[in-house]
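Work through the following exercises with the sequence and the 3D structure open beside you.

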Amino acid sequence: MIDIEEIKNLLPHRFPFLLVDRVEEIDNHKYIKAYKNVTNNEPFFTGHFPNKLVMPGVLILEALAQASGILGFISMNKTPQEGSMYYFVGSDKLRFKNPVIPGDKLTLESKKISEKAGIWKFDCKATVEEKLICSAIVLCADRPK
């Protein structure tokens, strides 16, 4: 398990844009399972949508990219403090199946597909209570700060 303090060492993001609360499982170089507890107090709910609170899909995708970034940093044995940035650079086969609402525990899973010339490709999915929320191929790039 990796708690929020260690996550802050592995990602440059901070509130309100840090979207991973805890890592439950990790197999270096291969797989990560993390989660985001979605609360009524999330700042994006103010405008999305006032009468029907739904987590924006782009933030679900960002949460998957952040979980993938944690896997990448751990696999490379690097941190942002050492001068490395891990950028989200693209997605393929992105599909949203169900909404995420306050009270949901959004589970984030990412499996490394490949790494070439600092570009990492991950097979990702987000679920709530095993119900598929989102699936995507996520691409990240390791670059100097």
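Predicted model: local features only at pLDDT ≥ 70, side-chain atom pairs only at ≥ 80, totals over all residues.

Residues are numbered from 1 along each chain as its sequence is written, and side-chain values use heavy atoms, with hydrogens and water left out.

**Exercise 1. Describe the order of the elements and the overall size of the chain.**

Begin with the helices (DSSP runs of H or I, at least four residues) and the strands (runs of E, at least two), both numbered from the N terminus. The chain holds two helices and six strands, and from the N terminus on they are arranged α-β-β-α-β-β-β-β. Next, compare the radius of gyration, taken over C-alpha atoms, with the globule rule, 2.2 Å times the number of residues to the power 0.38. The chain has a radius of gyration of 14 Å, close to the 15 Å that the rule gives for 145 residues, so it is as compact as a globular protein of that length.

**Exercise 2. Characterise helix α2 by its span and its burial.**

The expected span of a helix is 1.5 Å times one less than its number of residues. Helix α2, residues 57–76, has 20 residues and reaches 29 Å from its first C-alpha to its last, close to the expected 28 Å. For burial, count residues under 20% relative accessible area with a 1.4 Å probe, protein chains only: in α2, 16 of the 20 residues are buried. After the helix comes N77, whose phi is positive, near 55°.

**Exercise 3. Find the residues that touch the most other members of the largest nonpolar core.**

A nonpolar core is a set of buried Ala, Val, Leu, Ile, Met, Phe, Trp, Tyr and Cys residues joined through side-chain atoms within 4.5 Å. Among the 38 residues of the largest one, M55 and L106 touch the most other members, and α2 gives the most to this core, with 10 residues. Leaving aside neighbours within four places in sequence, the contacts of M55 (heavy atoms within 4.5 Å) include F44, I60, V100 and L106.

Key. Buried < 20%, exposed > 50% of the residue type's maximum accessible area, 1.4 Å probe, protein only.
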